[in-house]
Amino acid sequence: MTFIPTSEITHVSSSAKPSRRRNLPSWFKVRFRPGPHYQEIRQLMDTHHLHTICEEARCPNIWECWNNRTATFLILGDICTRRCHYCSVTTGRPSAVDREEPQRVADAVKLLKLRHAVVTSVNRDDLPDGGAALFAETIQRIRHENPACTVEVLIPDFQGKQTDLERVMQAKPDILNHNIESVPRLFPSIRPQGKYQRSLNVLQWAKTMGGRTKSGLMAGLGESNDEILQVMRDLREVGCDILTIGQYLQPTLQHAAVSRYYTPEEFEEFKKEGMALGFQHVESGPLVRSSYHAEEQTHGRSCP
């Protein structure tokens with residue numbers, strides 16, 4: 001595969017005319033089925049004044065996951081302090097931290113009778129601890145209300161502050177997920193406020209603290225196959241246990257354009273490479289996102 005240089009990844013400013021999106025290939029088929037469980041989860045989120053990354057990030061799997069009574073809770077509000085060029089979450093000045101949010105999440109998990117709860121957040125660089133205390137409290141509240149439920153947290157990098165990570169790890173999440181997202185060459189243009197090595201450090205620290213670790217990677221932003229494989233090797237070097245790889249999809253015309261669409265066969269090859277490198281589990285496919293089939297990964301069941 002030939003890669004597209006960083007300079008050719010198109011970003012659209014407010015003054016520029018948006019370019020057309022590329023047509024999705026034939027293997028992107030999502031069935032929109034707002035069944036009873038979907039409606040139940042939507043109503044529950046509204047009633048408890050909660051957010052999900054499923055909605056904020058426009059996840060293509062929302063219909064399947066919500067119909068299966070699974071959702072990824074988004075804590076610390078729905079406004080992010082960073083502007084990543086692949087993400088549709090709103091950037092701006094966040095509101096004050098809602099101290100009652102952890103209990104409402106725990107109550108929702110109980111009402112949904114979840115076996116596995118996934119909790120993530122926006123980046124909160126405005127907070128001294130980046131939101132680590134609220135992550136820890138949310139884990140503790142879920143455990144108190146739902147002792148049999150396993151908990152996965154998808155955390156930001158906390159600006160590389162190890163003490164903030166320690167606070168989360170002291171609450172003993174079953175899985176500590178931090179997405180690497182892209183290859184190091186593309187970080188300056190795709191993830192300008194992130195740092196590749198910093199993300200690797202977070203995963204390595206979590207591993208040394210006794211955590212089971214997980215990370216995710218997007219394909220289709222202009223990287224080469226060799227770069228993807230190198231990221232996989234780097235993740236294994238820091239002891240990462242679980243890997244997800246999915247196709248990047250442009251949320252709006254104001255976001256980074258898709259450089260190419262990988263075939264299902266190519267994703268299957270990435271899975272084979274990852275398993276050969278020693279990952280405990282690799283979820284790889286066009287529609288895979290970091291929380292896709294998360295329960296099956298945690299409980300050791302095979303994914304369809």
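Glu283 is buried and yet has no salt bridge; buried here means under 20% relative accessible area, exposed over 50% and partly exposed in between, with a 1.4 Å probe and protein chains only. A salt bridge requires a side-chain nitrogen of Lys or Arg within 4 Å of a carboxyl oxygen of Asp or Glu. For Glu283 the nearest side chain of opposite charge is Lys271, 5.8 Å away; in assigning charge, Lys and Arg count as positive and Asp and Glu as negative, while His and the chain ends are not counted. What Glu283 does have is a polar contact of 2.9 Å between its side chain and that of His281. Such a contact is a pair of N or O atoms within 3.5 Å; within protein, one atom must be able to donate a hydrogen and the other to accept it, and residues adjacent in sequence count only if both atoms are side-chain atoms. Glu283 sits in strand β10, residues 281-285. Strands (E, at least two residues) and helices (H or I, at least four) are DSSP runs numbered from the N terminus.

The model is predicted, so local features need pLDDT of at least 70 and side-chain atom pairs count only at pLDDT 80 or more, whereas totals for chains, interfaces and linings use all residues. Residues are numbered from 1 along each chain as its sequence is written, and side-chain values use heavy atoms, with hydrogens and water left out.

Other charged side chains are paired. The whole structure holds 13 salt bridges. One of them joins Asp157 to Arg82, with the closest N and O atoms 2.8 Å apart. This pair links distant parts of the chain, 75 residues apart: Asp157 is in the loop between β6 (150-154) and α6, and Arg82 is in the loop between β3 and β4 (90-91). Asp157 is buried at a relative accessible area of 2%, and Arg82 is buried at 5%.

Another salt bridge is formed by Glu145 and Lys110, where the closest N and O atoms are 3.8 Å apart. Because Glu145 lies in helix α5 (residues 132-145) and Lys110 in helix α4 (residues 101-112), the pair ties together parts that are 35 residues apart in sequence. Are these two side chains buried or partly exposed? Glu145 is partly exposed, with 22% relative accessibility, and Lys110 is partly exposed as well, with 46%.

Asp126 and Arg124 also meet through their side chains in a salt bridge, at 2.9 Å from N to O. Here Asp126 is partly exposed at 41% relative accessibility, whereas Arg124 is buried at 3%. Elsewhere, salt bridges with shared partners join Arg82, Asp125, Asp157 and Arg198 into one network.

The helices come next. Two packed helices are described by the angle between their axes and the distance between the axes. Axes are lines fitted to C-alpha atoms, for helices over the stretch in contact, and angles run from 0 to 180 degrees between N-to-C directions. Helix α6 (residues 162-169) and helix α8 (residues 196-208) have axes that come within 10 Å and cross at roughly 45°. That makes α6 oblique to α8, given that angles under 35 degrees count as roughly parallel, over 145 as roughly antiparallel, 65 to 115 as roughly perpendicular and the rest as oblique.

Helix α9 (residues 225-237) packs on helix α10 (residues 264-277) at about 30°, with the axes 10 Å apart. α9 and α10 are therefore roughly parallel to each other, and α9 passes α10 in a right-handed crossing.

Two loop residues other than glycine have a positive phi. Leu76, with phi near 70°, lies in the loop between β2 (72-75) and β3 (79-80) and is buried, at a relative accessible area of 3%. Glu181, with phi near 75°, is in the loop between β7 (175-177) and α7 (187-190) and is buried at 14%.

Two leucines complete the picture. Leu134, in helix α5, is buried at 2% relative accessibility; Leu134 and Arg99 are 35 residues apart in sequence and 7.7 Å apart from C-alpha to C-alpha. Leu243, in strand β9 (residues 242-247), is buried at 0%, and its C-alpha atom is 7.8 Å from that of Leu217, 26 residues away along the chain.

Note on methods:
A crossing is left-handed if the near helix is turned anticlockwise from the far one by less than a right angle, and right-handed if clockwise.
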